[in-house]
Amino acid sequence: MRPGQILVADHGGVYVIKMVGDVRLTLCISFDQFIDTMFSQNDFCEVMFDLSEAEAIDSTTLGLMAKIALQGREQKDITPVVYSNNDSINRLLYTMGFQEIFTIVNDLEAPVTPEQPLEADTPEEQQVKEKVIEAHKILMGLNRENRETFRNLVKMLEER
């Protein structure tokens with residue numbers, strides 16, 4: 001598996017987030033900072049995820065994706081689009097309940113190109129722990145299955 005990478009671009013307020021390879025929590029702090037920056041932009045109006053080159057996406061990253069969808073709905077009344085043509089990734093998205101908060105498509109009319117990679121940082125353990133807890137609580141809020149799946153993980157992390 002290729003190491004994970006998240007590429008981002010702003011096309012006049014339409015943000016493209018492309019995930020490539022095996023996307024893991026090593027990118028969670030920089031991804032969350034990007035989310036904050038994106039929502040603070042005056043021209044922000046839409047988000048599109050391109051998962052066509054993603055090989056795996058961990059649950060922390062999925063939680064941050066869900067954060068974008070929920071915050072986008074609340075602040076801008078938007079539903080992000082997820083482009084994925086990978087059956088394994090699609091199964092994961094549907095298992096997590098993403099069809100309720102995203103528009104999931106398996107092809108695009110026109111290609112979109114992300115421009116800038118997010119850098120993996122070496123944050124402090126406490127920062128990562130807080131982000132992992134936040135992301136998993138977001139996933140737990142999507143449906144009962146997620147709540148059951150991640151309850152013990154969140155409880156264990158909160159107790160540490």
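The loop between helix 2 (59–76) and strand 4 is the place of D77, where helices (H or I, at least four residues) and strands (E, at least two) are DSSP runs numbered from the N terminus. D77 has a phi near 55°, a positive value in a residue other than glycine, and D77 is exposed, with a relative accessible area of 67%; exposed means over 50% relative accessible area, buried under 20% and partly exposed in between, with a 1.4 Å probe and protein chains only. The model is predicted, so local features need pLDDT of at least 70 and side-chain atom pairs count only at pLDDT 80 or more, whereas totals for chains, interfaces and linings use all residues. Residues are numbered from 1 along each chain as its sequence is written, and side-chain values use heavy atoms, with hydrogens and water left out.

- An open sheet is formed by 6 strands in the order 5-4-3-2-1-6, with mixed pairing; two strands pair if DSSP finds at least two bridges between them.
- The edges are strand 5 (103–105) and strand 6 (116–117), each of which pairs on one side only.
- Strand 1 runs antiparallel to strand 2 and is joined to strand 2 by 7 bridges, with V8 opposite I17 and A9 having V16 as its bridge partner.
- The hairpin formed by strand 1 and strand 2 has 2 residues between the strands, and G12 in this turn has a positive phi of about 60°.
- Strand 1 also runs antiparallel to strand 6, to which 2 bridges join strand 1, and here L7 stands opposite P117.
- Strand 2 and strand 3 run parallel and are joined by 9 bridges, with V14 having E46 in strand 3 as its bridge partner.
- Strand 2 is mostly covered, since 9 of its 10 residues are buried.
- Strand 4 (residues 81–83) pairs with strand 5 in the parallel sense over 3 bridges, and the bridge partner of Y83 in strand 5 is V105.

**Helices across the sheet**

- Helix 1 (residues 28–40) lies across strand 1 (5–11), strand 2 (14–23) and strand 3 (46–57), and runs at about 170° to strand 2; axes are lines fitted to C-alpha atoms, for helices over the stretch in contact, and angles run from 0 to 180 degrees between N-to-C directions.
- Helix 3 (residues 87–95) lies across strand 3, strand 4 and strand 5, running at about 120° to strand 3.
- N90 is found in helix 3 and counts as buried at 14% relative accessibility.
- With neighbours within four places in sequence left aside, N90 is in contact with S84 and N85, contact meaning heavy atoms within 4.5 Å.

**Helix 4 with helix 5**

- Two packed helices are described by the angle between their axes and the distance between the axes.
- Helix 4 (residues 125–140) and helix 5 (residues 144–159) pack at an angle of about 155°, and their axes are 9 Å apart.
- Helix 4 and helix 5 are therefore roughly antiparallel to each other, on a scale where angles under 35 degrees count as roughly parallel, over 145 as roughly antiparallel, 65 to 115 as roughly perpendicular and the rest as oblique.
- On the side of helix 4 the contact is made by K129, V132, I133, H136, K137, L139 and M140, and on the side of helix 5 by N146, R147, F150, R151, L153, V154, L157 and E158.
- The contact of helix 4 with helix 5 has 8 nonpolar, 2 polar and 5 charged residues, where Ala, Val, Leu, Ile, Met, Phe, Trp, Tyr, Cys and Pro count as nonpolar, Asp, Glu, Lys and Arg as charged, and the others, Gly among them, as polar.

**Helix 1 with helix 4**

- The axes of helix 1 and helix 4 cross at roughly 65° and come within 10 Å, and the crossing is left-handed.
- In this contact C28, I29 and D32 of helix 1 meet Q127, V128 and K131 of helix 4, which divide by class into 3 nonpolar, 1 polar and 2 charged residues.

Conventions. Left-handed = near helix turned anticlockwise from the far one by under 90°.
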